[in-house]
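Here is a short walk through one structure. Keep the sequence and the coordinates open while reading.

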Amino acid sequence: MKVMKFGGTSVGSPESLQLVKNIINNESETVIVVVSALDGVTDRLLLAADFAFKSNPGYKTLLEEIISRHKMIIKNMEFSLEDKEEIEQKTGQLFDELQNIFRGVFLIGDLSQKTSDKIVSYGERLSSLIIHKLIEGSRLYDATKFIKTNKQFDSHIPDLGRSNELIRKTFAEMPPPRVAIVPGFIASDIEDNDITNLGRGGSDYTAAMIAAAMDASTLEIWTDVNGFMTADPRIINSAYVIDELSFIEAIELTNFGAKVIYPPTIFPVYHKNIPINVRNTFRPGEKGTMIRNIQPTRNGKIIKGISSINDTALITIQGLGMVGVIGVNKRIFSTLADNGISVFIVSQASSENSTSIGVRTQDADLSRKVLSEEFSHEIEMGSINGIMVEYDLATIAIVGQNMKHVPGIAGKFFGALGRNGISVIALAQGAGETNISCVISKSDLRKSLNVIHDSFFLSPYQELNLFIIGTGTVGSKLLEQIQQQQSTLKEQNKLRINIVGIANGRKALFAREGIPLGGYYENLMENGVTSSPEHIRDEILEMNIFNSVFVDCTASPAIAELYGELMSRNISVVTANKIAASSDYENYRYLKETSRKAGVKFLFETNVGAGLPIINTMNSLTNSGDKIVKLEAVLSGTLNFIFNTLSEEIPFSKAIRLAVDAQFAEPDPRIDLSGLDVTRKLVILSREAGAHVNQPEVVKKLFIPQKYFDGTLEEFWEAIPEMDAIFEERRKELERKNKKLRFVASYDKGACEVGLREVESGHPFYDLEGSNNIIMITTERYNEYPMVIKGYGAGASVTAAGVFSDIISIANIR
Ligand code: ADP
Ligand code: ASP
Ligand code: MG
């Protein structure tokens with residue numbers, strides 16, 4: 001014999017009821033079927049009762065809706081004519097009763113617990129009646145006859161012993177035919193037989209009590225998900241089904257908010273060693289989750305799941321007078337227990353100076369009141385500081401019985417939270433070692449669940465959440481490359497790249513669930529809001545997304561200004577924008593320091609040499625103990641292009657124009673010609689080599705007179721052909737001497753210089769094609785023969801690829 005419980009989610013519509021019918025009829029053994037009210041009906045009944053109680057005639061509409069919903073189901077299901085008449089008559093009677101009760105509540109304006117319990121029982125009474133008629137040859141049982149409760153404070157506590165006896169007796173006297181139908185949730189008081197219930201979600205409990213009493217072979221919980229999942233699927237979209245859980249793990253998870261099973265459900269069946277199988281009514285082919293008696297193993301999965309309770313308040317009793325005093329905790333807990341307050345997390349410092357207790361928010365004020373009374377004397381004497389209450393908190397727990405004796409789990413848990421900027425307010429781990437819990441701010445809950453799910457590899461994919469700022473040449477190329485790579489990264493590297501924000505100078509668009517990359521630009525321009533650096537910053541901080549990376553593909557100083565704050569809030573920064581890394585040395589240090597403290601990355605490889613691995617290589621050398629003594633480099637793709645393009649036919653001014661047209665140069669080519677761009681790059685490289693330099697300290701040897709830099713861009717284009725003749729002369733002369741012009745940046749033991757040099761044919765810089773860059777790195781180890789890195793040093797495509805590669809490298813740091 002087995003017990004099958006179908007939740008409200010499974011009995012909400014004619015279609016799902018048909019599925020339920022098929023599942024039950026496919027069973028060959030005797031089954032006891034426990035059913036919930038139709039999906040949402042319990043909520044609506046409670047709401048209507050509240051309306052009636054507050055003399056709001058709107059209750060009638062709600063009640064009509066509930067009634068017509070049931071009528072619609074009856075109308076749309078297949079019943080014999082005879083059955084149909086009977087069911088219409090019986091449900092009609094229940095509807096009449098319900099309407100009368102409501103009228104009474106409305107007129108008197110009073111709603112006692114007793115009336116409310118009675119009202120809410122109609123949900124299950126109606127649904128069980130309908131399902132009974134749907135299953136031919138079934139018998140309907142009245143749960144109030146055998147599920148019994150006792151009064152305790154304002155609630156009803158099931159009387160397991162008495163219920164157990166009565167269940168057995170009922171089914172012995174009235175043996176179930178092939179199928180027994182029992183309404184879940186509803187019960188009656190052991191003393192006065194008034195209708196009561198087992199609390200919200202309590203149908204699971206009814207089913208467990210019956211399964212235990214009847215020694216069922218299995219308890220099946222049929223719902224609308226494929227099983228017990230690693231986390232609440234409504235919060236974590238990568239949550240997946242857990243194949244197997246031990247009873248202890250299931251208790252830990254449900255107790256901590258995994259709503260899929262009502263927490264007390266596990267206990268009765270655990271005692272009898274009856275396995276629970278969580279199944280999906282809508283996908284009956286899936287195996288679901290088995291909850292059964294399994295022992296901890298060394299090789300099993302360490303963390304099975306995560307759960308959380310979002311309404312938490314933390315009560316702290318603190319005072320130096322508590323140190324070493326015996327009986328303080330006893331008084332705390334007795335006081336709370338005497339007032340019916342349940343405590344779900346406790347943390348005491350070993351100095352005994354403070355005890356913190358997590359309670360439901362609704363219990364917080366009462367807890368403070370009763371504890372303040374209990375300790376009024378100590379508070380007056382100053383040995384206890386007072387009772388402190390913190391609100392708006394959440395509790396999160398990781399669960400797995402295999403974590404027993406495995407070192408490092410707590411470290412990983414708190415490390416992952418810390419890296420994402422989530423502060424832990426209180427924590428607890430019992431010596432049972434099946435659960436580690438901590439209290440955090442409610443606003444961090446979603447992020448914490450994601451972080452933990454991700455870092456314990458509960459997720460099938462690791463996730464990176466990107467904010468891409470700038471949709472110009474580099475930004476748009478990057479988005480194109482991400483779009484191309486997205487599925488490969490997901491399949492091969494198990495890395496999910498999620499674009500959660502895109503912004504340019506005009507519009508900004510954010511979406512937690514990700515922005516599809518096909519047609520992103522139109523989407524941004526149509527649906528985005530007006531963009532500003534402040535708005536971008538506020539939105540990102542507000543979204544508070546885990547594993548997030550801010551990607552700057554602009555050249556904007558205002559965007560670069562945001563890095564510090566973002567990194568201090570644990571968001572990594574990847575930037576193609578040179579402004580920050582070449583800004584004032586103090587700012588550069590501050591940014592590096594901020595990223596280090598927050599445990600996030602600040603990457604700007606593409607600031608120098610586009611996609612060439614220059615900064616990474618220098619860092620690898622210095623990290624392994626080498627010392628960079630000298631750098632010599634051609635770092636301006638634009639200038640190199642210009643000097644390589646000069647010929648008899650192409651004079652200097654034309655070569656500049658070509659560089660601009662090919663998008664190598666900045667729109668104002670003077671940024672390149674003045675050496676400003678190279679200076680910035682050299683400053684960045686020198687800093688990475690360990691030097692304390694600022695831009696003004698770089699010696700600049702200009703190769704065109706200052707006057708060309710002073711006027712407007714138009715004046716520049718008009719005047720610059722004046723230089724053509726000089727350059728042509730120099731070019732011819734160099735051609736004769738077999739030399740070439742190169743704009744070289746150099747760093748030599750702390751001294752920085754940029755300027756034009758003539759290089760001979762044997763020099764590594766001589767054959768530097770097109771817009772290529774080259775760098776020679778001389779170190780203590782690479783001394784006689786410096787290390788050389790050469791390749792494309794400009795262009796949107798390689799720059800975007802470099803940015804992409806920086807982004808990917810962040811995925812490896814968890
Ligand atoms: P029923 O009406 O069948 O009793 P419930 O709504 O009570 O259904 O429980 C099922 C729901 O529990 C799922 O739809 C899911 O959204 C939610 N849920 C929360 N945590 C989990 C979890 N860890 N695993 C599966 N479902 C969960
Ligand atoms: N119908 C009740 C509720 O919604 C009991 C249950 O569904 O388990 O809480
Ligand atoms: Mg439920």
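Which residues are closest to ligand 1, and how many surround it? The model is predicted, and in it 17 residues surround ligand 1. The closest are Thr 9, Thr 223, Asp 224, Met 229 and Lys 259. By class, this shell holds seven nonpolar, five polar and five charged residues.

Now take the polar atoms. Thr 223 places a polar side-chain atom 2.8 Å from an oxygen atom of ligand 1. Asp 224 also uses its side chain: an N or O atom there is 2.7 Å from an oxygen atom of ligand 1. Met 229 takes part through its backbone, where a polar atom is 2.8 Å from a nitrogen atom of ligand 1. On its own, ligand 1 has 570 Å² of accessible area, and the protein covers 89% of that.

Move on to ligand 2. The residues around ligand 2 are Ser 36, Ala 37, Thr 42, Glu 124, Phe 185, Arg 200, Gly 201, Gly 202 and Ser 203. Sorted by class, they give two nonpolar, five polar and two charged residues.

Which atoms lie by the oxygen atoms of ligand 2? A polar side-chain atom of Ser 36 lies 3.1 Å from one oxygen atom. A polar backbone atom of Gly 202 is 3.4 Å from an oxygen atom of ligand 2. The protein covers 86% of the 260 Å² of accessible area that ligand 2 has on its own.

Thr 355 lies in strand 15, which runs over residues 354-359. Its relative accessible area is 0%, so Thr 355 is buried. The side chain of Thr 355 makes a polar contact of 3.2 Å with the side chain of Asn 329. Beyond its neighbours within four places in sequence, Thr 355 is in contact with several residues, including Ile 315, Ile 317, Met 322, Ile 332 and Val 346. Thr 316, Ser 347 and Gln 348 are also among these contacts.

Turn to the cysteines. Cys 438 is buried because its relative accessibility is 0%. Cys 553, at 11% relative accessible area, is buried as well. How many disulfides does the model have? With a cut-off of 2.5 Å between cysteine sulfur atoms, the count is zero.

Two backbone angles close the tour. Asp 215 is not a glycine, yet its phi is positive, at about 50°. Asp 215 sits in the loop between helix 7 (203-213) and strand 9 (219-223). Asn 738 is another residue other than glycine with a positive phi, near 60°. The loop that holds Asn 738 lies between helix 28 (724-737) and strand 28 (739-748).

Terms used. Residues are numbered from 1 along each chain as its sequence is written. Chains are lettered from A and ligands numbered from 1 in the order in which they are written. This is a predicted model: local features need pLDDT of at least 70, side-chain atom pairs count only at pLDDT 80 or more; totals for chains, interfaces and linings use all residues. Side-chain values use heavy atoms; hydrogens and water are left out. Buried means under 20% relative accessible area, exposed over 50%, partly exposed in between (1.4 Å probe, protein chains only). A residue is near a molecule or strand if one of its heavy atoms lies within 4 Å of it. A polar contact is a pair of N or O atoms within 3.5 Å; within protein, one must be able to donate a hydrogen and the other to accept it, and residues adjacent in sequence count only if both atoms are side-chain atoms. Accessible areas come from the Shrake-Rupley method with a 1.4 Å probe; for residues, only the protein chains shown count as cover. Ala, Val, Leu, Ile, Met, Phe, Trp, Tyr, Cys and Pro count as nonpolar, Asp, Glu, Lys and Arg as charged, and the others, Gly among them, as polar. Helices (H or I, at least four residues) and strands (E, at least two) are DSSP runs, numbered from the N terminus. Contact means heavy atoms within 4.5 Å.
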